[in-house]
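Colleague: I have a model open and want to learn how to read it. Could you take me through a few features, one at a time?

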Amino acid sequence: MVFSSLIFLYGFFSLSLLGYCLCRTQRAQNTVLLVFSLIFYAWGEPKYVLLLMFMALSSWFCALRTEAAEGRRKRLWVAAAAVIDITLIGYFKYAGLVCGIFGEVPAFVKNIALPIGISFYTFQLLTYVVDVYRGEAQAQKSYWNVLLYAALFHQCIAGPIVRYKTIDRELFSGQPRTSEWAPGVSRFCAGLAKKVLLANPCGALAESLILAESAASDPALFAENLKALSSLSVQGAWLGIIAYALHIYLDFSAYSDMAIGMGRMIGLHYPENFNYPYISRTVTEFWRRWHISLGTFFRDYVYIPLGGSRCSVPRAVFNTFVVWVLTGLWHGASWNFVLWGLWFFVFLMLERFMLKRWLEKVPVVSNLYLLLVVLIGWVIFRFSDIRLGAALVKSMFGLGGNALTSFTSQMQLQSHMFLLTVAILASTPLMRKLKLRLEPMAHEHGAAGLVWDIALYSVVPVALLLICTACLVGDSYNPFIYFQF
């Protein structure tokens, strides 16, 4: 069940809100949230609900023992929690990759299904135990509360990665939560529109030019796929990868917007996960704006514990290298993801030691540099077979004698010009800045301020919801890229 489906919008989510609003105490509200969260997860992965419950159980127990222990025993309990979580995610997500290193992948390993959201809730449970060890959070006495923290359907399958210490008070204080209904609904509907009206069409355009995900990952179609990518015009190759870049940003950030909106409706505040990364001028800045909760996790729980930058230069480089190998692996059990992580590692090091001062002096050139690095990075990310990615890069730069343009790519560009323009604008802070400028002006006059609030928090969200509903009726193309992580 995805957030941008009719059954979620008008069935599951509506019933969960109704049940939540009928409850008078936080304990009853949390019970409703837990029941609906387990139903939500079981909808797509019935048998893996038990895995989620077991991982929450082990983290709950280890955190209690960590808080009660002293000295070396504290570290042993943290290590036990980490071993359990990492072993389980390793089995379900990386068994095939590890077996492939040593030879033929056994049939039973090929048949292992990846539990939805395991990368997200595993990291959340790890941060919980580590924060208890560091004294930054108190161990939760109730197992069911830990399970709710891990399984909360708003962000369990797609983030943001929420740390226990940031949500503990709101979720488990015992005090009634103050909902922010209007801003929450507005944020949710904006995310829904971003997903349905922009991300989905951009994804369809990308697939029409640079292969569908299912076709690109099918080894039986390799020769056909290679020929298709090698024969693309330069214009078609660039149009395809730009559409894919817009798709992956709008798709993922839309889910974060919807999660944040759902949280605010019931008084929970999840961290922001994206901050218009495509306007960045350096790779360093890009990764401070892209998937912020993942970046801060690796910074606080891997990079800094390894020594961060407060050590010798070779050691700092090694620490960064480890982070980016892990970042690549987090995204998938395939060598192209490792290469993707190392691609960014190389440019981060180049910026640190050579390029940073120069890039700061040339704003437009630095923006173009960043976009070029990121777009080639998305090519690596897109294709599990590196040869297909190499063929697309060659087509982008006309290295195979490709035509500059073609009738197909020209027609695709013309017919999608409006979509691409709006999608690009949605990837910048232009609308947010416009809102911040106009809102104080409207509220200087009572009547104008009232009209502004009604339009922003009532008319626009309802209109977006209705438009998205009309688009979803009969539309079977509604993918979500980050389900595979």
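Modeller: Gladly. Keep in mind that this is a predicted model. Let us begin with a loop. Pro106 sits in the loop between helix 4 and helix 5 (107-110).

Colleague: Is Pro106 buried, partly exposed or exposed?

Modeller: Relative accessibility decides that. Pro106 has 31%, so it counts as partly exposed; the middle class lies between 20% and 50%.

Colleague: Now a helix. What end-to-end span should helix 15 have?

Modeller: Count 1.5 Å a residue. Helix 15 covers residues 313-331, 19 residues, so it should span 27 Å. The C-alpha atoms at its ends are 28 Å apart, which agrees.

Colleague: Which residues of helix 15 are buried?

Modeller: The list is Ala316, Asn319, Thr320, Val323, Trp324, Val325, Thr327, Gly328, Trp330 and His331.

Colleague: How do I read an aromatic pair?

Modeller: Take two values: the distance of the ring centres and the angle of the planes. The structure holds 52 aromatic pairs. One of them, Phe123 with Phe297, is stacked, at 4.0 Å centre to centre and 15° between the planes.

Colleague: Where in the chain do the two partners lie?

Modeller: Phe123 belongs to helix 6 and Phe297 to helix 14. They are 174 residues apart, so the pair links distant parts of the chain. Both Phe123 and Phe297 are buried.

Colleague: On to pockets. How much space lies in the largest pocket?

Modeller: About 1,500 Å³. Its lining has 39 residues. Nearest the centre are Ala190, Tyr276, Met431, Arg432 and Lys435.

Colleague: Which elements give two or more residues to that lining?

Modeller: Helix 9 (181-210), helix 12 (234-265), helix 20 (417-426), helix 21 (430-443) and helix 22 (446-472) do. Helix 9 has the largest share, 10 residues. By class, the lining of the largest pocket holds 25 nonpolar, 7 polar and 7 charged residues.

Colleague: And what is the volume of the second largest pocket?

Modeller: About 1,100 Å³. The second largest pocket is lined by 36 residues, with Ser217, Ala333, Ser334, Asn336 and Ser384 nearest its centre. Elements giving two or more residues are helix 4, helix 5, helix 10 (213-216), helix 11 (222-230), helix 16 and helix 17. Helix 4 gives the most, 7 residues.

Colleague: How does the lining of the second largest pocket divide by class?

Modeller: Into 21 nonpolar, 9 polar and 6 charged residues.

Colleague: Last, cavities. How many of 30 Å³ or more are there?

Modeller: The count is 1. A cavity is a space where a 1.4 Å probe fits but cannot get out. About 50 Å³ of space lies in the largest cavity.

Colleague: Which residues line the largest cavity?

Modeller: Phe13, Ser16, Leu17, Tyr20, Leu33, Phe153, His154, Met262 and Ile266. Helix 1 (residues 6-22) gives the most, with 4 residues. The lining of the largest cavity has 7 nonpolar and 2 polar residues, and no charged ones.

Conventions. Residues numbered from 1 in each chain as written. Predicted model: local features only at pLDDT ≥ 70, side-chain atom pairs only at ≥ 80, totals over all residues. Heavy atoms only, no water. Expected span 1.5 Å × (residues − 1). Buried < 20%, exposed > 50% of the residue type's maximum accessible area, 1.4 Å probe, protein only. 1 Å grid on protein atoms, 1.4 Å probe; cavity = no way out; pocket = protein on both sides within 12 Å on 5 of 7 lines; lining within 4 Å. Points joined across faces, edges and corners; volume = space filled by probe spheres on them. Nonpolar A, V, L, I, M, F, W, Y, C, P; charged D, E, K, R; others polar. Phe/Tyr/Trp six-rings, centres within 6.5 Å; stacked < 30°, edge-to-face > 60°.
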